[in-house]
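Take a look at the model below.

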Amino acid sequence: MKKSKTLTATLALASLCASLCAGLPAAAQDDGIPVTRMSRLRGLGGDARQFDQQSKLQYDQMLAQAHQKDAVATDRNPQLIRLRAIAQRLIPFTKRWNPDSANWKWEVNLLNSPTVNAFCMPGGRIAFYNGILVKLNLTDDEVAMVMGHEIAHALREHAREQAGKNAITSVGARIFGAIGSAYFGVDPRLGDAAAGAVAQGAALSFSRDDESEADLVGLDLAARAGFDPRAGIALWQKMGAVNKSQPLPFLSTHPSGSKRIEDMDKNMYLVLPVYARARGLDPDNLPPYRSLALPKS
């Protein structure tokens, strides 16, 4: 309970910022990646309220199990503080992509596991595995790309859309299957090999279109929050480099490749001016993006 209260206080400023963002000039809202209509297939995937309730139940169960294994970072953990600070900057801009997100009870937690993974469940329930921060040596901009991408899946209700596509006969099974298998195929304490095997067999694979949309929405969120969207390209280059020697669970449900990077690069002209405005920089004279080297194996 104390942890929950602390988290609520930590993210309270994000809600305040969200209301302030509503007063931005129209040009500041309409530039960047264009907002499109969400898929109507969501309606076949179950009731949104039920999805949210099941999301909360399973997220809480995951945390309870991880706490029993001492696998949840404490509020004073520097990496968790870092993650929550990045989330505070991203959350105010989520309403542009899903107005309902203004009422979400956002949560951010860090699981002490070497697994390279992260997710955001329906309703804004975010979790990172320590492995993705350490093994990829992520900058704050790159963390924002991962977080923005995962938040985008929740904002665009891709899990409910996928449940509709699967057309499972029972609504209850749709909800449990789409949420449960999508986010809890990996035990927080499993090693990379075992976690990867479980993720490969159980995790929900969003469609290629959903993944592409999440990439672009994530770029937009990050740019508005003042994170360099060019970090998205560096992130996927790192993912590809590490995956060559050690297959990453994250890539089992997030296919990588040159096409993904190419699509992000094609849309960079839309988000770089947004990023420049957020940072007070000249969009025609941006300094080069600087990543961090991968850790030596």
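## Ground rules

This is a predicted model: local features need pLDDT of at least 70, side-chain atom pairs count only at pLDDT 80 or more, and totals for chains, interfaces and linings use all residues. Residues are numbered from 1 along each chain as its sequence is written, and side-chain values use heavy atoms, with hydrogens and water left out. Helices (H or I, at least four residues) and strands (E, at least two) are DSSP runs, numbered from the N terminus.

## The sheet

Three strands form an open sheet in the order β1-β3-β2, with mixed pairing. Two strands pair if DSSP finds at least two bridges between them. The edge strands are β1 and β2 (118-121), and each pairs on one side only. From one strand to the next, the twist averages 15 degrees.

How do β1 and β3 pair, in the parallel or the antiparallel sense? Strand β1 (residues 107-111) and strand β3 (residues 125-129) pair in the parallel sense, over five bridges. Within this pair, Asn109 stands opposite Ala127 of β3. By contrast, β2 and β3 pair in the antiparallel sense, over four bridges. Here Ala118 has Phe128 in β3 as its bridge partner. β2 and β3 form a hairpin with three residues between them. In the turn, Gly123 has a positive phi of about 90 degrees.

Now for burial. Buried means under 20% relative accessible area, exposed over 50%, and partly exposed in between (1.4 Å probe, protein chains only). Five of the five residues of β1 are buried. Glu107, Asn109 and Leu111 lie on one side of β1, with Val108 and Leu110 on the other, and both faces are covered. In β2, Ala118 and Cys120 point one way and Phe119 and Met121 the other way; all are buried.

## Helices across the sheet

Contact means heavy atoms within 4.5 Å. Axes are lines fitted to C-alpha atoms, for helices over the stretch in contact, and angles run from 0 to 180 degrees between N-to-C directions. Helix α3 (residues 48-68) lies across β1, β2 and β3, running at about 35 degrees to β1. Helix α6 lies across β2 and β3, at about 35 degrees to β2.

## Helix against helix

α6 also packs against α4 and against α10.

| Helix pair | Angle | Axes apart |
|---|---|---|
| α4 (residues 78-90) and α6 (residues 140-155) | about 60 degrees | 10 Å |
| α6 and α10 (residues 208-224) | about 120 degrees | 7 Å |

Angles under 35 degrees count as roughly parallel, over 145 as roughly antiparallel, 65 to 115 as roughly perpendicular and the rest as oblique. So α4 and α6 are oblique to each other. α6 and α10 are therefore oblique too.

A crossing is left-handed if the near helix is turned anticlockwise from the far one by less than a right angle, and right-handed if clockwise. α4 and α6 make a right-handed crossing. α6 also passes α10 in a right-handed crossing.

Which residues meet between α4 and α6? Among them are Leu83 and Ile86 in α4, and Val143 and Met147 in α6. The residues of this contact of α4 with α6 divide into eight nonpolar, one polar and two charged. Ala, Val, Leu, Ile, Met, Phe, Trp, Tyr, Cys and Pro count as nonpolar, Asp, Glu, Lys and Arg as charged, and the others, Gly among them, as polar.
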